Amino acid sequence: MRDALAYGIPYRALIPKEVDNLLVAGRMISVDLTAHNSTRNTVCCLLCGQAAGTAAALSVANGIAPRELDIRQLQKTLRQAGVLLQPRPDPLPSQKES
């Protein structure tokens, strides 16, 4: 059995290329077909929604467009809210198939 790999979703996946002042989240983010198979689940949609909502609030507070937002500010704000941005190691040792 192959161990599942974790991956991040870049902020740029939430920003449409040709539309300003708009963020997309959930099943609307820009990913390829393989990634879509895992990004369409509820947990991922919720986390992307929280990131998009936080980015929108920060953009308004700073008087800037979402694409101009400092990603470090967004990450810091999300971490302060308790969002896990990096995968944690499995606390249990993985069991290999015999």
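The expected span of a helix is 1.5 Å times one less than its number of residues. The model here is predicted.

Q: How do you know that the span of helix α2 agrees with 1.5 Å a residue?
A: Helix α2 covers residues 42–62, which is 21 residues. They should span 30 Å. The end C-alpha atoms are 30 Å apart, so the two values agree.

Q: Which residues of α2 are buried?
A: They are C44, C45, C48, A51, A52, T54, A55, L58 and S59. Buried means under 20% relative accessible area. The cover over these residues includes α1 (33–39) and α3 (71–80).

Q: What follows α2?
A: G63 does, and its phi is positive, near 65°.

Q: Why is the pair R67 and D20 called a salt bridge?
A: The cut-off from side-chain nitrogen to carboxyl oxygen is 4 Å. In this pair the N to O distance is 3.1 Å, so the pair qualifies.

Q: What does the pair of R67 and D20 tie together?
A: R67 sits in the loop between α2 and α3, and D20 in the segment before α1.

Q: How many salt bridges does a search of the whole structure find?
A: Two. D70 and R72 also meet in one, at 3.5 Å, N to O. R72 counts as exposed at 60% relative accessibility, and D70 as partly exposed at 33%.

Methods
Residues are numbered from 1 along each chain as its sequence is written. This is a predicted model: local features need pLDDT of at least 70, side-chain atom pairs count only at pLDDT 80 or more; totals for chains, interfaces and linings use all residues. Side-chain values use heavy atoms; hydrogens and water are left out. Helices (H or I, at least four residues) and strands (E, at least two) are DSSP runs, numbered from the N terminus. Buried means under 20% relative accessible area, exposed over 50%, partly exposed in between (1.4 Å probe, protein chains only). Contact means heavy atoms within 4.5 Å.
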